[in-house]
Amino acid sequence: MIAPLLAAAALAIAPTCDLERPSGEPGCTREAVDALPMNSLQAVGTHNSYKQAISGPEMARLSLAAKATALTLDYSHPGLTEQLDGGARQLELDLLYDPEGGRYADPLGRKVAKLTGADLPPWDPAPMARPGMKVLHVQDIDYRSSCPLFTDCLRAIADWSAAHPGHLPILILINLKEDAIAFPGSVKPLPFDAAAMDAIDAEIRAVFAEDRLITPDQVQGAFGSLRDAVRAGAWPVLAAARGRVMFALDAPPDQVARYRGDRAVLEGRAMFVNIEETSPAAGYITLNDPVGEAARIRAATAAGLIVRTRADADTAEARTGDTARRDAALASAAQYVSTDYRTPDPRFTDYSVGLPGGVVGRAVEVVAPAD
């Protein structure tokens with residue numbers, strides 16, 4: 001079993017060692033770092049990475065109608081390239097299916113704000129008119145995105161990756177939006193049927209060649225299941241994972257089932273899936289509560305899974321400055337810790353999330369399973 005060896009190797013790396021840029025000093029040599037399996041790293045990334053701020057007039061109207069909801073939506077991120085430059089190694093994109101194009105090109109929120117002409121905040125509907133997966137948070141309300149087309153988001157990531165070939169593996173989480181919202185006159189999203197699921201993979205592979213991806217098939221190899229593979233330590237070492245990206249479908253069971261179809265595991269698919277640890281398709285899992293799910297996070301990583309957790313949610317921690325959830329997330333063995341605050345929001349507190357010493361990635365101890 002590889003887990004005890006993995007734990008020992010991670011402990012041999014200095015806590016201050018940046019896995020992306022090893023210093024060459026004892027405990028931080030490139031040779032030692034590159035021999036680590038990729039599931040022994042921890043990095044910080046962003047939640048709803050594409051999200052731009054709701055315009056002032058639209059936020060004012062939303063606050064009047066649903067103040068609590070408005071508070072949870074009052075955050076934003078810079079462009080994906082800037083986030084990657086700043087050390088984010090996990091990104092999250094929300095997809096809406098729009099094979100014909102134009103379904104989300106006329107947001108209701110702009111009409112409800114009752115603004116015209118120069119008073120109307122700038123927004124370019126042209127990308128929304130084109131066919132393909134769209135990237136936005138909430139149709140009609142929270143629709144501003146730094147990359148409205150999925151393929152544009154992917155190209156931005158791919159271009160940055162090609163320019164920085166030594167980067168740590170980037171986890172890209174995918175959420176699928178198909179629910180209506182309680183907003184009269186709002187657009188009803190299309191469901192993600194089998195054709196939509198195939199289209200997601202097609203758009204990913206149109207941008208990323210196989211050797212730029214880390215896929216379920218690559219990790220599973222000759223093992224009977226992905227779960228068996230990751231439990232046996234089949235993740236690539238950092239030397240092989242650098243410069244590559246890994247996609248994970250962070251979705252509820254019904255969407256995961258549709259994505260898997262009649263596959264025994266994830267044969268041919270581009271994305272890992274958020275699934276129970278006992279499933280043959282288990283390789284990745286979302287465990288967003290690092291306080292209440294601390295033991296489960298530890299057990300999942302010990303079983304070889306890659307885990308994403310969250311340091312904050314709904315702007316609450318940034319408003320109060322409470323770091324308990326952040327501290328628990330960073331103290332866990334979760335490989336990717338997501339936040340809305342890589343840098344503080346000056347309107348609130350000095351709350352932000354990053355690894356100690358400003359490193360991009362560090363080694364974490366993974367404890368072996370009891371058996």
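Q: What does "buried" mean here?
A: A residue is buried when its relative accessible area is under 20%, exposed when over 50%, and partly exposed in between (1.4 Å probe, protein chains only). This is a predicted model, where local features need pLDDT of at least 70, side-chain atom pairs count only at pLDDT 80 or more, and totals for chains, interfaces and linings use all residues. Residues are numbered from 1 along each chain as its sequence is written, and side-chain values use heavy atoms, with hydrogens and water left out.

Q: How do you know that both faces of strand 9 are covered?
A: Strands are DSSP runs of E with at least two residues, and helices are runs of H or I with at least four, numbered from the N terminus. In strand 9 (residues 336-339), Y336 and S338 on one side are buried, and so are V337 and T339 on the other. In a regular strand, side chains alternate between the two faces of the sheet.

Q: What makes strand 1 and strand 9 a pair?
A: Pairing takes at least two bridges found by DSSP. Strand 1 (residues 41-46) and strand 9 have four, in the parallel sense, with V44 opposite V337.

Q: Why do the buried residues of helix 9 line one face?
A: They include M197, I200 and I204. Seen down the helix axis, the buried residues of helix 9 fall within an arc of 155 degrees, so they line one face; the arc is that of the directions from the axis to the C-beta atoms. The face turned away from the buried side carries the exposed residues A194 and A206.
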